[in-house]
Structures are given as structure tokens and as C-alpha cells.
Amino acid sequence: MKNHLKKGISLVVTLMMVVSLLPTYVFANDEVKDCGDGNHIWNKEYTVDKEATCTEDGAKSIHCSVCDKKQEDSEKTIDATGHNFEEKVTKDATCTEAGEKALVCTNPGCDVVLNKTAIPATGHKYGEPVVVEPTCTDVGTSTTTCSVCGDKKVEETSALGHDWEGEKTVDKEATCTESGSKSIHCKRCNEIKESEVIPVVAHTYGDETLTKDPTCTVGTQTYKVCTVCGYENILSTADDELGHEWNAEKTVDQAPTCIAVGSKSTHCKRCDATQDSEEIAMVPHSYSEEWTVDKEATCKEAGIKSHHCTTPGCTQKSEVTEISKTEDHTYPEDWTVDSEATCTKAGSKSKTCSVCSNKITEEIPMIEHNYQENITKEANCTEVGEKNLKCSVCGDVKTDSTEVISALGHKYEEKTEPATCTENGKTYKECSVCYDKIDEVVIPATGHDWDEYVLKDPTCTEAGKKARVCKTCQEEDKAYDIPALGHNYASEFTIDKKATCTEAGSQSKHCSRCDEKSEVTSIDALGHDFASEYTTDKEATCTENGSESQHCSRCDVTQNARDIVAAGHSYADKYTVVKEATCTDKGLMAQKCDNCDAYQNEVAIKALGHDYSDEFTIDEKATCSKEGLKSKHCSRCDSTAEEAVLPKNDVHNYGSWETALSPTCTANGANARFCSDCHKIDKTVVKALGHKWNKSYTTDKKATYTSKGSKSIHCSRCNAKTKITSIPMLKLAKVSSFKVKAGKKYAKVSFGKVKGATRYELYRSTKKSSGYKKVATLKSTKYTNKKLKSKKTYYYKVRAVAGSNKGSFSKVLKVRVK
């Protein structure tokens, strides 16, 4: 046991000695200590110190894994990568502008571009023309449009102009009731000119003279009817009118109501005439047994209900009763979202009562993440990509959603680089994604296509040139010089620079073809031209000298400058106030110089002191809502004294009366005025106006051929009505232009239309004065009555009908069937 203990102690001591001999690169609390000399642990792999670029070498070396120090003599050069050029289109060609392609270095961070080459403009690709034919007044067009850029070419064709008919055309035939018209028409369009009125033609009367039976007021009449328009021409009227035959009892014309008196009168048995009209007194109100809600009760205010008078137009109420406030709030159907719910936070929504503004709130649960496809690495032709599902709202990435995107594979397209005059071209397949190239085929150079000789004009000093030029590449061949022309100098001198007082000028002879000069000659300086009189350059003052000199007439140079002696001050004997005394500050007076602002012998002026008024001035008026302020003011400055508070008063500062609620015919109104200081409101009641009835009737509903109308007296201020009266249906006119034509076992009937008629009733009899039976109800104005007996005489009459309204019968016509 003791031997084992000794061995263990010996082992521990040995380990401690070994540890003490280790270098100082051991870590303590994750800090790197200095390796010291000779104690580095060198990496086996090289570390890149500087990345190589397309044009510059990089460097790499062995580093210490502890302190990162470089190992001496370990540095090696990393060769420059060189450019990796690919031909790319740097600018696409359009219909009108050339594009550009070049060799572009694809290495990261390098922007070198070489061999820029123009791509010819593609030119427009015009489609088929869209033709719009010309008309009499509008030009025609032929428009072709480029399918690439939308450019349009438009060619116009002149308008045709009108092609007028030789004779006038009747546009509307004249009748016995309306004038017609005629005009000259264009053969191609609807345009007309020289429109002319065709006068109304005379009525066409038949041979038959008809008779109208006498009425209460008109005797027997004879007349003829226009066969075209049905106009009745009265020939004579007899004095055998029947006179009115009055009923023994009066008829109620207007029943009385609780808001309007009624009326009754004696009626004629034969016509609509009345006499002895009499008023019928108003009747009591007739209140409904059912309650009418005049004002709905809400959660904020009580309502009102009452029994209404059932008479139309009457607004009288009874038993007006209050309806208690309801406990039900009026919330909108839809919630208002106060805070939107997201995938990380719940939202909130609320509804507010539209009557009392009470608000209820509910929570909106959090929504689920909106995961959408998110590409983290794009796939290319040869390398796979990567994608996952990422929330578009909060950016959360869904667990286990990462997927590989398959490599795209190359998409090769046929490409051609045209051959030039001197260099071969080529065809190849190029991937449209990564620009990888395969299947390259050389196209031989085309050789030059020489054009005719062109001329460059010679100048005075340069020879001209003529040469032949390649149409394709513009290269010149076999150039020939034309000798220079030499200068053509003028015989007269041109002044190039004018001479001044101190500087010489110059003149020369100029070439007529260029800017070259010859015989350049100097022009002597002119010298100064000084005036004999002196000019004041600076005025003398009381304390400072002035100056004067002789000036050159051609420039700003002067000579013989001399002083103008200062005049000295000229003080006045009389004292002048230099500074006025105020209530609190002294003033100043002194003898002042007549020529400047200088003064001498100052004398102080005593401060004036305040001059307070005996009377108070109101600085701020007291009102019904706040105190005022008064004080005594100094007559010379803004100082005040003896300030005193003015107590509030009961006098309101009311404005003018304004209409708060306009009175109506049946309800009181109100006027109000407001105090501008305390905003108190003063009100007064304006009595209801009462109805203001119009003197004449207003038609509420027009009478038609199928229904009665109505009229009443209206209030000019509101919609109330009184004396509501019925208007009889419109009378249908008697059928005119009635004709009957016999055939073999049939009769054809025709007649004119009657305004307002919806149908016609045709009657037939074998006797003129009796036995008529309805044979047809017609919507048309023509009818064939078939299955009649031959050699038999029939009598026909017809009348217009609209609903229950029936017009008078037409005249009776006789016809004998064949």
C-alpha cells in the first residue's frame, strides 16, 4: 500500500515538472498568450494574405495557429487569374437605334470591357395597312404600324366633297294640318342644303253632310268632315237648343273633412252644368285607434307616440305620450378594426353606439403564418439551388421546409458573329443563362467591297485626298494627294489690336481662306492726353483733407495730384438740442457744426418726470365673465400709475338675434343670441306661421284617358293641401275618317286613330237605328268582317275605348255586300 502511494506521488510530481516546461501558449480564460520566440505552432495549410485579381498577383503564407504570426520565408505568390472574357450584349438594338456588344470580364469585382461593337438597328417591321375610306367631309387614311415599337406611318387621302342631287327631294309630305319640306340631298351622305317649306294643303271634305243633335246650350248643327285629318267644318247651327233640365235634389261635389269644408250643387240631367253651389261644414277629427310613433325612443332619449287623425292631409294628433328610453344600443352591423391581428400579436375590434357613443371591444385572435416560397439560392445551369417557406409578415422560416431546386440545365441558342472584310466570323450555340458555348463553326472573311473614288478638298496648308473606300468597313485603298492651295492674303491691312495710351497695337494682312496672317506690323502707343483743368477726386471735410488731379481723356491715369485743405468745424453760436429729455432720462444740447454732425460745449437737460392724468383710463373692460383694469396714464410715455381692478358685471355682450329654428306652418320656431364673453344663450319663441293657402288650384295628378286626376289648394309654404277635388277623365274624341268598303261576302273597315285610345269597338246591325251588336274589339284601325251574306245591306259604327272610358260612336255607314 505504501509503495503504491509513493508511486502515485512520484507520478504527480513528474507531471507538474513537465507542465512547468511547456511554452506559454496555454490558454487561460480563453485569452491568447504570446507564443514567445521559438514556441510557435505552425499550420500545415497556407493562409491567403492577399487575394489574386485579374491583373495583380496575390500572396499566401504559413501562419501560427496561436498568434497568427507569419512564418519567415514561407510567403508564396498566387498568380493573377487573368481576365475571363465573355461576349455580352451591353445595349439592345431597337428599330431606330444601334445596340452594342462587347467582351466583358465576368470575374467578381472586375469591370474591364473590350472590343465594343455596334449592333445595327433592326429597322421597323410594319404590318398590313389599316385603311379608313374618305367621306364627303373627312379625309381617308392608310395607317401601317411597326409590330415592335408601335411607330405609325399615316398616308392621307383627300375628302371626297359632297355630290349633290340635281333636283330637290321631298323630306316630309305636307298635309292639311302640317307643312312639309324638301331639300337637295348629297348622293353619298345624309347632308342636305337649300331646305324649302311645302305649304299646308287644303282640307278634303266628303260629299256627305252630317248632323249633330242639339244639346242644352247648342242647337242642331250640320257639318262636313275632312277625310284626311277628321277636322269638322260646321256649316250651320239652329236655334233649337234644349236648355238645362235641373235635378230636384242637390248632388255632393266635394265631401267635407276635418280640415276642409265640402260643397254640393244642383246638376243638369243632360250635361255637366251646375248651379246653386252650397258649402258643407267641416266634420270632427277621426283619430286612429292604433298608436303612431312620432319619435323613436333611443338609448339616449325618450320617444313620443300619439293617435293621428286618419283624414288625408290632416296633421292633428291626440293623447301625445312619452315612450321610455330603450336599453338597447344601436351598434353597426360591422366591427371596426382598431388593431390588426398578425401572426405574432392578437388584434382588437370594436363597435360604437351611433346614438350615445357607448363602445364594446373584442379581441381578434392571432392569424396563422403566411408562409410563401422563399428562394435562398438560385439554381443555375450546372448547380442546384435551395428554397424554403418563409412568413411574408414576420419573416419566420417554417421548420423542415428547406428544399433543393434542381439545376436548370443549359438552354442553347443558335448565335452568329458575321464575318468582316478581313476577319473570319463564326456560328455557335450559346446558353442563354450562363453563356457557355459549343459547336463553333468558322465563317470565312468576305473580302473588301470597293466603292467609287471619294474626294477630300485641299486647304491652304494641307493636301487633299482622293481614294477608294470599302462599302463595308470604310477602309481606304490607293489614296492620292491633291496639293495644298497656299494662302490668299488680302491687299489691305486689318487692325488686330487697337493701340492704347501705354500699349502698342498691331495690324496684319489676312488670308481669305483661313485664319493665317502675314506682314504683322506694330502700331505705336498713343501716349496720355492729360486735361489742363483739375478734377476733384475726394471732397475735403471739416477734419480731413480732400484731393484733386489732372485726368487722361482716354484712360483712368492721373497726374499732379494735390491736397484740398480741410475746412475745419464751423460751430453755431446758438445751442441745438442733440438729444430730447424724456420722463426718466436726461437730454443734451450743444453748439453744432454747420457742415457736419460734430458738436461742442455740451449742456445736460433735466429729465421731465412723468405727467400722469387726473382721470383714470380703462385698460381692460370688465365683462360678465372676468374682471377689468384701470389706471392713470403718463401723457408722454407708456408708464401707468394707481392701477385698480374693475369688478365683473352682469351686463352680457349679446350679438344680434339669429334664427336657431325656423318656424313652420304648424310648429313654433326659435331665435337666439349669444354673449361673446361668457357664451350665455338668450332664446325667444317664434310662433308658428299658419298655412298660407294659394288662391288658385294646383293639379296634383293629371287626368288621363284611363283615370281621374285630382287638384287641391296648396299651402305656399309647405306641402299641406285643402279642398281636394277630383278631375274627370279626359274625353275620347269621336272616331273620324270612318270608311267601309264591300267585297264578296266581306266588308273592309278603316278609320283614323283617336288620341288616348287603347282599343276600338266595332258594332254592326242590319237596321240603321237599332239592333247593333259588337262584332270585334280592335287594336288596329283596319278590319275585315268576313262570312257576310251576299246581296245583304249592313250598317256599321265604331267608338274609341281606353280602360272603362268609352268615346262617342262614329257616324253610321251603310254597305251592301257583293
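Thr266 is buried, at a relative accessible area of 7%; buried means under 20%, exposed over 50% and partly exposed in between, with a 1.4 Å probe and protein chains only. The model is predicted, so local features need pLDDT of at least 70 and side-chain atom pairs count only at pLDDT 80 or more, while totals for chains, interfaces and linings use all residues. Residues are numbered from 1 along each chain as its sequence is written, and side-chain values use heavy atoms, with hydrogens and water left out.

Thr266 belongs to strand 17, residues 262-267 (strands are DSSP runs of E, at least two residues, numbered from the N terminus). Leaving aside residues up to four places away in sequence, Thr266 touches Trp246, Asn247, Lys250, Ala273, Thr274, Gln275 and Asp276, where contact means heavy atoms within 4.5 Å.

The structure holds 27 salt bridges, each a side-chain nitrogen of Lys or Arg within 4 Å of a carboxyl oxygen of Asp or Glu. One of them joins Lys269 and Glu245 at 3.6 Å, N to O. Another pairs Asp294 with Lys317 at 3.8 Å; Asp294 lies in strand 19 and Lys317 in strand 21, so this pair ties together parts 23 residues apart in sequence.

The largest nonpolar core has 23 residues, and Phe738, Val740, Phe751, Tyr760 and Tyr796 have the most contacts inside it. Such a core is a set of buried Ala, Val, Leu, Ile, Met, Phe, Trp, Tyr and Cys residues joined through side-chain atoms within 4.5 Å. Its largest share, five residues, comes from strand 57.

Technical notes:
Helix = DSSP H or I, 4+ residues; strand = E, 2+ residues; numbered from the N terminus.
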